[in-house]
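Work through the exercises below with the sequence and the model in view. Each task is followed by a solution in steps.

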Amino acid sequence: MSEENGLAKGLPLIIASAIIAIALGLGLYQVGNGFSSRSSNGITVTGSAKVQATADKAVWPLNAEQLAPTQSAAITKVNAAVDSVTRYLTDGGIPMSEIEYSSASAYPQEEYVNGSSTGRIISYRASRTITVRTTDVQRVAKLSQGIGTLLATGVGVSNYGPQYYVSKLSELRPELLKQAMKDAQVRATAIVSATGGKVGAVMSVRSGPFQVTSPDSTDTSSGGFYDTTTIEKTITSTVTVMFNVKK
């Protein structure tokens, strides 16, 4: 009698499990049919295009820093360093109109003993930034490489290296996107023709971010990449296109 009761209690659970299994099976079948229908109506390919470009703008930040026992002495020393940097730049052919200066700042340097500040100020560190903005990228590159001669005279300046930009990037984009679309169509045609089909109309297009890299670089980023360390650059654009496929 207990065995019959057990079967009676378990029967609803068995039936419910069977119903769920059938429902899941039907649902997966429908989902599978949906993906199959979509993929059979079109093909999605990614086309790309690239062009070589030369930077036509340079931004070169230099930071002069000096230490002195008093704030006023530190400011005087850093201004003298800025004058030395300016002479180096102008003697090298950079006009004053292409040189920018930040205001001077000075910060106290506290004494530390065993990792703890004693509250005693032992010196002041003053700093000031000199920034060159020019279209003469080759001149900036030469001056940056030779700045060791200035450092050898005892001038305290940090060279962060020039940053090189292509100012006409927006003008290159339309042609690059056009070439990327052509590349996508060629790829789609090659794939579809192998199965006896024909590429039809464009169903959707999504352009990817531009990648501005050094020549032969493989650097990319999902949000776009822009290398500023080299004068010569490779600019790459991509488009993801869905084409209708005709039998």
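**Exercise 1: the largest pocket**

In this predicted model, the largest pocket has a volume of about 150 Å³. Find which residues line the largest pocket, and sort the lining by class.

Step 1. The lining consists of Lys-50, Gln-52, Gln-211, Thr-213, Asp-216, Ser-217, Thr-218, Asp-219, Thr-220, Thr-234 and Thr-236.

Step 2. Two or more of these residues come from each of strand S1 (42-54), strand S9 (211-213) and strand S11 (232-246).

Step 3. By class, eight lining residues are polar, three are charged and none is nonpolar.

**Exercise 2: the length of helix H2**

**Exercise 3: the buried residues of H2**

List the buried residues of H2 and state which elements they pack against.

Step 1. Buried means under 20% relative accessible area. In H2 this applies to Ala-74, Val-78, Ala-81, Val-82, Ser-84, Val-85, Thr-86, Tyr-88 and Leu-89.

Step 2. In an α-helix, residues three or four places apart point the same way, because there are 3.6 residues a turn.

Step 3. The buried residues of H2 pack against strands S2 (57-68), S3 (99-101), S5 (116-134) and S6 (157-159), and against helices H3 (137-145) and H4 (148-151).

Step 4. Just after H2, Gly-93 has a positive phi of about 105 degrees.

How values were computed:
Residues numbered from 1 in each chain as written. Predicted model: local features only at pLDDT ≥ 70, side-chain atom pairs only at ≥ 80, totals over all residues. Heavy atoms only, no water. 1 Å grid on protein atoms, 1.4 Å probe; cavity = no way out; pocket = protein on both sides within 12 Å on 5 of 7 lines; lining within 4 Å. Points joined across faces, edges and corners; volume = space filled by probe spheres on them. Helix = DSSP H or I, 4+ residues; strand = E, 2+ residues; numbered from the N terminus. Nonpolar A, V, L, I, M, F, W, Y, C, P; charged D, E, K, R; others polar. Buried < 20%, exposed > 50% of the residue type's maximum accessible area, 1.4 Å probe, protein only. Contact = heavy atoms within 4.5 Å.
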